[in-house]
Amino acid sequence: MTINSKGLFFTDLLAAEPADAFAVNFRRTVSRELLKRCGELELTPGKLAKKANIPLSTLNNVLNGISINPGVLTLLSVCEGLELRLDDVVHTAFEEAQQAANQTKAQTTGGDLQ
């Protein structure tokens, strides 16, 4: 399991309260990366669900950001179906969420934190 620089398991970020902007950005980025890869491989959700061996409804919930905590095995299956490494997706999502959090802080404090 991957631990980010804050010492949290990435599933903690996926399951965080909606008010936590960092976690929301993290989930959005995970969904966006998965959808982007679907497009690159020209995979429909139905084909990906079969390839990943998960229910289509579960996959749709992950891809649409509805599932707050899809679980490591589900994400791993989706990533394998998309020929992605789960840790790469998580790393990208963490970096983008961190950047968004820094921008939000800079806007609220009136300074530039970068």
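Is Cys38 buried or exposed? Cys38 counts as buried, because its relative accessibility is 5%. The legends below describe close-up views of a predicted model.

View 1. Cys38 sits at 5% relative accessibility and counts as buried. Cys79 is buried as well, at 1% relative accessibility. A disulfide is a covalent bond between the sulfur atoms of two cysteines. The cut-off used here is 2.5 Å between cysteine sulfur atoms. By that rule the model has zero disulfides.

**View 2. The largest nonpolar core.** This core holds 24 residues. Those with the most contacts inside it are Phe26, Val30, Leu34, Leu48, Leu59, Val78 and Leu82. At least two core residues come from each of H2, H3, H4, H5 and helix H6 (86-109). H6 gives the largest share, seven residues. In soluble globular proteins, nonpolar side chains tend to be buried together.

View 3. The buried residues in H3 are Leu48, Ala49 and Ala52. They line one face of the helix, because they fall within an arc of 100 degrees when seen down its axis. An α-helix has 3.6 residues a turn, so residues three or four places apart point the same way. What does the buried side of H3 pack against? Its buried residues meet H2, H4 and H5. Exposed Lys47 and Lys50 are carried on the face turned away from the buried side.

**View 4. Helix H4 and its packing.** H4 spans residues 56-63, and its buried residues are Leu59, Val62 and Leu63. These cover an arc of only 95 degrees around the axis, so they are on the same side of H4. Their packing partners are helix H2 (21-41), helix H3 (45-52) and helix H5 (72-81). Which residues does Leu59 contact, leaving aside its neighbours within four places in sequence? They are Pro45, Leu48, Ala49, Ile54 and Val78. Leu59 is also among the residues with the most contacts inside the largest nonpolar core. After H4 comes Gly65, with a positive phi near 70 degrees.

**View 5. Thr74 in helix H5.** Thr74 is found in H5. It counts as buried because its relative accessibility is 17%, and the cut-off for buried is under 20%. The Thr74 side chain reaches the backbone oxygen of Pro70 at 3.1 Å. Beyond its neighbours within four places in sequence, Thr74 is in contact with Ile54, Thr58 and Val62. Val62 is one of the buried residues of H4.

View 6. Most residues other than glycine have a negative phi. Glu42 is not a glycine, yet its phi is positive, about 55 degrees. Where does Glu42 lie? Glu42 lies in the loop between H2 and H3. At 68% relative accessibility, Glu42 counts as exposed. Asn53 is not a glycine either, and its phi is positive at about 60 degrees. Asn53 follows H3 and is found in the loop between H3 and H4. Asn53 is exposed, with a relative accessible area of 69%.

**View 7. Arg37 and its salt bridges.** How many salt bridges does the model have? The count comes to seven. Arg37 pairs with Glu40, their closest N and O atoms being 3.1 Å apart. Both residues lie in helix H2, three residues apart, about one turn of the helix. Arg37 counts as buried, at 18% relative accessibility. Glu83 also forms a salt bridge with Arg37, the closest N and O atoms being 3.7 Å apart. Glu83 lies in the loop between H5 and H6 and Arg37 in helix H2, so this pair ties together parts that are 46 residues apart in sequence. Glu83 is exposed, with a relative accessible area of 53%. Arg37, Glu40, Lys51 and Glu83 are linked in a network of salt bridges.

**View 8. The Arg85 and Asp87 pair.** Arg85 forms a salt bridge with Asp87. The closest N and O atoms of Arg85 and Asp87 are 2.5 Å apart. Asp87 counts as partly exposed, at 32% relative accessibility.

Technical notes
Residues numbered from 1 in each chain as written. Predicted model: local features only at pLDDT ≥ 70, side-chain atom pairs only at ≥ 80, totals over all residues. Heavy atoms only, no water. Buried < 20%, exposed > 50% of the residue type's maximum accessible area, 1.4 Å probe, protein only. Helix = DSSP H or I, 4+ residues; strand = E, 2+ residues; numbered from the N terminus. Arc of directions from axis to C-beta. Contact = heavy atoms within 4.5 Å. Core = buried A, V, L, I, M, F, W, Y, C linked by side-chain atoms within 4.5 Å. Polar contact = N/O pair within 3.5 Å; in protein donor to acceptor, adjacent residues only side chain to side chain. Salt bridge = Lys/Arg side-chain N within 4 Å of Asp/Glu carboxyl O.
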